[in-house]
Amino acid sequence: SDANSNRNNNGGDSGGDGVLTVGMPNGPQANNSNPLLETSASASLGYRAMIYEPLVMTNGIAPEEEGKPWLAEQWSWNEDFTQLELTVREGPTWSDGEEFTAEDVAFTFQLLKDHAGLNAGAIPFEEITQEGNTVTVTFSSSQFVNQVKIYQTYIVPEHIWSQVDNPETYEDQEPIGTGPYTLKTFTPQTITLTRRDEYWQDLPQVEELRYTGYNDNNAATTALANGELEWSYVFIPNFEDVYLSHDPDNFNLWFPTGLGIHGLWINTEREPFDDVVLRQAMNMVIDRQAIHEQGHAGAFPVVESPTGLPLPAGESFLAPEYQGVVQERDVEGARALLEENGYTFEGDALLTPEGEPVTMSLIDPAGWSDYLTSLSVISDNLAEIGIEASVETATVDGWRNSVDAGGFDATLHWTNGGATPYDTYQHVMDDALLQPIGEASPGGNFGRFDSPEAGEALREYANATDDEARAEAMNELQRIFVEQVPMIPTVASPVGAEYSTQNWVGWPSEEDPYAPPQPTQRNALEVVLNLEPADG
Amino acid sequence: MALQASESAVVAAADTDASAPRRDKLRFLRNGKTLVGLSILGFFVLLAIFGDMLAPYDPSARGPNIMASPSWDHPFGTTQTGQDIFSQILVGTRGVLVVGFVAAVLATVLGVLIGVTAGYLGGFGDDALSSLSNIFLVIPGLPLIIIITSFLPETNDLTIAAVIGLTSWAWGARVLRAQTLSLRNRDYVQAARATGESTWRIIVFELLPNLTPVIATGFIGTVIFAVLSNITLAFIGIADISEWNWGTVLFWAQNNQALAQDAWWWFVPAGLCIALLGTSLALINYGIDEFINPRLRNEKADRTVTMRVGFTPVLRDHPGVPANAANAGPLAKVPAPAPPPRSAPQGTIRKDDQA
Amino acid sequence: MAKTPDPPGTATNSPPTVGDVVLEARAISKHFAVRRTLRNFADRNRPVVHAVDDVSLKLRRGSVTAVVGESGSGKSTIARLLAQLYPTTSGQLLLHGKPTKVGQGRAFRAYCRQVQLIFQDPFGSLNPTHTVRYHLTRALRIHNRAGRTAKDLEQALAQLLERVHLTPPERYLDSFPHELSGGQRQRVAIARAMAADPSVLLADEPVSMLDVSIRLGILNLLRDLKERLNLAILYITHDIASARYFADETLVMYAGRMVEGGDSETVTQRPAHPYTQLLTSSAPDPDRIVADHQAATTVDPAGGEVVVEEEESETAGEPPSLISPPSGCRFHPRCPKAMERCRTQVPPRFDLADGQWAACWLYAEDAPARSAPQEASA
Amino acid sequence: MSSTPPVLEISGLNVNYGLGEKAVHAVRDINLTLHRGEVLGLAGESGSGKSTLAYAVTRLLSPPGVITGGEVRYHPRQGTDIDILSLDSEQLRAFRWSEISLVFQGAMNSLNPVHTVRSQLTDVLKAHRPDMTSAQRQERAASLLSLVGISADRLASYPHQLSGGMRQRVMIAMALALDPEIVILDEPTTALDVVMQRQILKQLSRLRNELDFSVVFITHDISLLIEFSDRIAIMYGGRIVEEAAAKEIYQTAHHPYSHGLLHSFPALHGPRRELTGIPGSPPDLTAMPPGCAFHPRCPKAFEPCDQRVPALEPVPGDGSRTVACWLHADH
Amino acid sequence: MRYLIQRLGFYLFTAWAAITINFFIPRLMPGDPVAALITRYSGQLDSKAIDSLRTLFGLDNQESVWQQYLDYWGNLFQGDLGTSFTYFPTGVSEIISQSIPWTLGLMGLTTLLSFLLGTAIGVYAGWKRGSWVDNMLPVTTFLSAIPYFWLGLIAIAVFAVQWSVFPASGGYDNSLVPAFDWPFISSTIYHGTLPAITIVVSAIAGWILGMRNMMVSVSAEDYVLVAQAKGLPERRVMFSYAARNAILPSISNFALSLGFIVGGTLLVEMVFSYPGIGFVLFQGVGAKDYPLMQGVFLIITLAVLAANLVADLIYLLLDPRTRREA
Ligand SMILES: Nc1ncnc2c1ncn2[C@@H]1O[C@H](COP(=O)(O)OP(=O)(O)OP(=O)(O)O)[C@@H](O)[C@H]1O
Ligand SMILES: Nc1ncnc2c1ncn2[C@@H]1O[C@H](COP(=O)(O)OP(=O)(O)OP(=O)(O)O)[C@@H](O)[C@H]1O
Ligand SMILES: [Mg+2]
Ligand SMILES: [Mg+2]
């Protein structure tokens, strides 16, 4: 073919002229755009958000906000959140020209119900009915905590997917969605999306999106630094020097947080860590700032609230007593606390009331450099109260197994993050997940935190029918978390991004936090719709 | 048959030695390459033994100087978290050498067992064992090591060494088998048999001593392979990176994008150490090669003379040549002075074609 | 030599007489499978090398039996068969008249205490990594002749070396083979064989790798041993002149078969078999210098029947394939006197005068022209 | 024989292996003349320098061999003499094979195993006779093979497909390809059995008669040498110790070493004579005894032998032969 | 012919053994692909997805190992290498077919190039002993002792970051769509240059040395001396006599070294972010994606076997001694 026809527009290394280059360090991709599979290229690179659209656009960094109507114009729940009624927007069309209808929405829910493999959020669908542009879905339990997961469901076209034999293995290589972009070309290295002619909203100004899978962080960082890559989410150590300094005017990095956090999970079954006093003391000496700076290269925000809620995302959930409270490092206080409770110091070593020295191993997979560096910070911190903590590594498998089976003293591990802090607390404290040591509990509560009150509060929160009861339960959860210290929060999981204003402006930012900037989120579409060419 | 040719080359090379091992025990050491190689290796061995005593800092301890370039305090600079890279390299030497040598010992023992047994047994046992080593030869080594290592419940230097050793014996076994085959029918082996020696004694006392140089090259080669594999495993984060070795240093450097941060000092020393160690081992191997195969030796005492196959130099009155008169008796003629350069045209040399 | 009690059954129990048959081979054959591997394991009719076919010979106390024949005719194979380094394909070995068949281990050791093999190549038959002392000590130890104390051993070693005229022993004991000359090495090899105090020595071309000037020494040594110790010696060579010089009896081999035998002088001077005739006429012989080289080629100096014709077809010089040896007499494709039956029937031994025999149809009772063995002329 | 004009004159030739102190002085002050059309035999025990001498003449010694002195003069039928030792590489290439060709010790290794006999025969023609057409070369190759009694259809064979004797004969054919003046045969038959040996030697003498070249024939098999050569030079310890017509030397060897050599091998025919042999072992070239190299083994050694090297000089009373022995020295 | 059949038999046997080993290795080892996947997404994927993934990957039905082995063979004969977990539900064969051209292109070409170049230099160095080429050998030794990935990283730092002479990653320009046209091909070449150079630099020394040593050994063979004695032109002696024989062992070493080279692929592709099969394998290992891992490993092994077969054939052509008459 003709040399030029192959080139997209100006075909330079970076975007510009209607092109935006996006990339993730997730390696080469297989030709699979199935939006319902987390393993697809479209999920891995995030471009499914440009092709398929959710019902409601929620904002992970501002969970208190009401979502924006998207494919659903309106939605309402019954009191106990077991029934959802959706009013589906009229007007959007599928990119093959077919009209988008409520039947597609009902079909998609039915699909999730029928195929457990696609139902990643384990939503207990019951009945799905559609009438005109109204879809009604009932659930077997209260879905208050799962609302966002349901809103975020990518809606797929019935006229195509009903022909599919097995949607669980459907590769969807010619994806048809309601979004403003369609798949133009697919190669394992780069996926190109091109703008549709019509869209139910104003057409975005970006004409073409180029998604690249870089093999690793280094490659992605290099591409970011030389401007080849305009939008990405990649961990960059020392990002000031390595990235921002290459073009201080245009290069930006914004790592706002959602509700998910990282922290030191403690095995509350093992002695002496079953003693809450010890855990409290440990919590008091952890230097989160050092972890933030050294372990996570300043990219992951510190969790300052003792409740483990990252701010500002968790602001609206904070119990009154913890409003404005910042977890301060207090070595003296910790020592005092310990001594008050029968602990003694022998030289530098801490002895339990029984006279045993307190030693522990901190374990994480070999190769997880940010966690391991953080662990060494923690180890130093704990040494200040006489706890001898050694940093150990294991293979990912070995670590996974011992975490699931409760075979560890303490480990850095993430938590689930959802639309409410419920996901985090449930992951850490749910007594329904409690297993004896040795039995795997892959769903959470790795620390074997045995607290019926916490479980009660969790269920209360999930099933409450009014906001007050919910707030009550949330406050209770925070109190238990703060007092019992089942896990020591360190930093928050950001939903961040690096982006360049060289060619495009209008990115979300600290000043204009209209959406999380991460290119693999649903909100990426919002971001793209908001972009404008830099030169006017 | 392609497989056999390489063997025959090795065999041919090794055949020339027959009596070399004892002819001059020190000759091996007098080889310049060997000497340089052994010195460097010796240096690293000393580091491996005393490295952690010499290290000025705890290699894992975070320090206040972050990402400092080399200075007197930190000869190789510091890391992201202020760890002293010099100490990491010093302490890490042991891991590198331990894995290299343990793996090589394992592989060599296996190679000798399998290769020599196959070669000596012949027949079905030989076929079975050499098929086994052929299979191990064609299976790509590093991927196999990565796969096995990644499944290990626990990785430390010894398990890594074991994996490397267990997967890399085949080459040695093959060469040894070929060698044994050629030795098996040597008269002195047959003679030992005819004297009434038992089979195991023949293998251990008659065959093995003659295989020593071959075993030695194989051993050194495996050390190189094991060191590189170990470092690679550490670098890609599959081995246990909490045990310091040069690969671990590189792993952390790469993970923290040291090069992007212009922290060359984080990368360069480890890389150079590996290259130096590799070079030293390679030099030792050249030494052994030249020891086995004297043809490879570059015996050029005198740089003014080019020795070429097929064109013997004529040196009259050359300083490197002992005066003939010293050896010759009364008859010793003074060599005729070189005739004036004749324009010996080829035409006069070539006979008229009369074919 | 340190006198240790001889194991039962050795010849020393009965008073030795020169001429006693010590070792006898009866119709032994050896076929080598061409290559036995996994791959052609399944093949039904594997090709074999007929290295030795139907060979019989007797080794007598105090006498040297020579086996001559061209390269590849199976001489070494016979030596190894007699030493039981290979199992025979068929046939029987008799030691002191008793059939023996030994495999490994004790029985084999007992056998090689009686029958020892000296290899062709003194440069190859000593392990370069071991000293003379090691070689000899091992041989003594294996055959329990090392005595009990270190002194016994030293003495036994010294005696061995003296026996092969390597004196003073101390000069040689701690040398490595490469520090010795070819002749000295061969002496060490002989000493090693002597360590077992055998009654039979199988010498497989013991001098072919040695320099002319050294050969004689070794041959004289062997002769000396034969005479002093009453050994039975099998002397294998391709040099028929040395057989004449050194052996009492000479056997001629061709392509794995014995074709002629008898008293050495008779066989070399009056060869009966056409192959032997070819051999003797081909052997270089300065006494045969003919002033005019140009003429030499057409007139056979020996005046015999077999003349190496220069216009011969090229195959005339080629030894036959042992994988599919010629039927009948194996020499028939090259034999100028081949008859019809030579092509089909294997000739048996025909006894001639003076204990000479030949496996050639020329000497059959019913041969058309029963000829007398060729008389050598100088 | 010595009446014919010389083709090759070697004078004062010295060859070392290696340089400097540790050099092995393998060939010492050799003076030797080869006459047109004669067969010059070179005998001596293993390591006495026979091959070294032969290779030095053509400058084919492999490293670390160096020629450290002397002159090798070639007299062509027409034209000026050539000093082989002062030719440069290109001149040497042109000179080689067309004037002197060699048959090496052990034909097994002399043929390139990966090329056919044809290609190895024709490439020498291609190199030296560039104007021959390919068809002519083929024809020549075929006729060369039949010259040595191998049928032309063997041209397409690879060396491993030929028997040892055939390979040796191919080498001889190759040596004759350019009708050289001199053919050097270095133990051409040692690996062969007597029948084959005789066959080949006969072929060679026939060819020599036809083509009229001179032969240097090297072996340590004295009986073979005496039978085959016109003149014999006997080497010991890198020197020529005696030189004479073959028959004369067989009848009366003057040098004690030649004498010993001639009484070391048994004769097949004639009366069984007593064999004396030579006591002792060959000299070590790196540590040559002073004086006559043979004196430690010589039964007749006397005063000057262990001090001065005897010169190779005509035997008093017999001008046709020379010997290097104090027993026969004039003074 | 018979020889060929024997070799083929050997290759079939080896292939069988490799496939079987390949089947068993992952099964004998611990590890859970779902946990690995969750871990890989650390935090991005909800822990509630565990069950759905298990269902999805079909990990909930248990069959006997023997049955699995039979199924494995059955599928293999249909060219079905199973479904990748990481790239679910894409078939392993598809992933491999996407990535293998890159690996073949880059590694194949550079391996061949370094072999040819190294052999050529080795021939020269071995022929002209003591010349400057010969004296350069210690330098090349040093280069070859440098771990490949390190050389690659430094090369990127210098030639892609410091001076942007070459791109730092990828197999081609992201703005292009793979096609057989000049922009794409030139871009491929441009992207492949830096990795290629580093591979050649670090791999070449081995070939040079091997060939040099063989040349030196062969040069001392009688037939080379004979060729010199025949007065053949130097080129003919050097190539047709010395090099022609010296190269034979190199060829078989070349085939055997492919196994090692493939190991190198992985690092090249990691360091240069190259879209080849080695990186896929690495990902598969990390994700406990054993269908993928097995598939890649199998393909690699078979490729090495095939290359060996080819080398055998070349050897057969080059060395008449192996050609037995029928
Ligand atoms: N182990 C073996 N396997 C197969 N064939 C063999 C074996 N040993 C010997 N042969 C074959 O048997 C035949 C006889 O060999 P043998 O060594 O006995 O000959 P020889 O007469 O000793 O020859 P030479 O004079 O060369 O030593 C030869 O064709 C040889 O190739
Ligand atoms: N490369 C070498 N280095 C050192 N010494 C050598 C070398 N080649 C040969 N010699 C020595 O030179 C001497 C002469 O060797 P040469 O090959 O000429 O002997 P030869 O008379 O041909 O013996 P043979 O009959 O065994 O062929 C020998 O003593 C040998 O050890
Ligand atoms: Mg033999
Ligand atoms: Mg010689």
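Trainee: Is C:Cys112 buried or exposed?
Mentor: Buried means under 20% relative accessible area, exposed means over 50%, and partly exposed is in between, with a 1.4 Å probe and protein chains only. The relative accessibility of C:Cys112 is 1%, so this cysteine counts as buried.

Trainee: What kind of model is this?
Mentor: Residues are numbered from 1 along each chain as its sequence is written, chains are lettered from A and ligands numbered from 1 in the order in which they are written, and side-chain values use heavy atoms, leaving out hydrogens and water. Local features need pLDDT of at least 70, side-chain atom pairs count only at pLDDT 80 or more, and totals for chains, interfaces and linings use all residues; this is a predicted model.

Trainee: How many disulfides does a search of the whole structure find?
Mentor: A disulfide is a pair of cysteine sulfur atoms within 2.5 Å. D:Cys298 is buried at 15% relative accessible area. The cysteine sulfur closest to that of D:Cys298 is in D:Cys305, 6.0 Å away, so it is too far for a bond. Over all chains, the number of disulfides found is zero.

Trainee: How much of ligand 2 does the protein bury?
Mentor: Start with the polar contacts, pairs of N or O atoms within 3.5 Å; within protein, one must be able to donate a hydrogen and the other to accept it, and residues adjacent in sequence count only if both atoms are side-chain atoms. Oxygen atoms of ligand 2 lie 2.5 Å from a side-chain N or O atom of D:Ser46, 2.8 Å from one of D:Lys50 and 2.4 Å from a polar side-chain atom of D:Ser51. Taken alone, ligand 2 exposes 630 Å² (Shrake-Rupley method, 1.4 Å probe; for residues, only the protein chains shown count as cover). Of that area the protein buries 67%.

Trainee: Which element gives the most to the shell around ligand 2?
Mentor: Elements are DSSP runs numbered from the N terminus: helices (H or I) of at least four residues and strands (E) of at least two. One element of chain D, residues 50–58, has nine of its nine residues buried, D:Lys50 and D:Ser51 among them. It gives three residues to the shell, and it is helix 1 of chain D.

Trainee: Which element gives the most to the shell around ligand 1?
Mentor: An oxygen atom of ligand 1 is 2.7 Å from a backbone N or O atom of C:Gly72, and one is 2.8 Å from a side-chain N or O atom of C:Lys75. Taken alone, ligand 1 exposes 620 Å², and the protein buries 66% of it. With three residues, the element that gives the most is helix 1 of chain C.

Trainee: Which residue stands opposite A:Ala497?
Mentor: Strand 20 (residues 497–500) of chain A has A:Ala497 and A:Tyr499 pointing one way and A:Glu498 and A:Ser500 the other, and all are buried. Strands pair if DSSP finds at least two bridges between them. Strand 20 runs antiparallel to strand 11 (residues 231–232) of chain A, with two bridges, and A:Tyr499 is the bridge partner of A:Trp231. Strand 20 also runs antiparallel to strand 12 (residues 251–254) of chain A, with four bridges, and opposite A:Ala497 stands A:Trp254.
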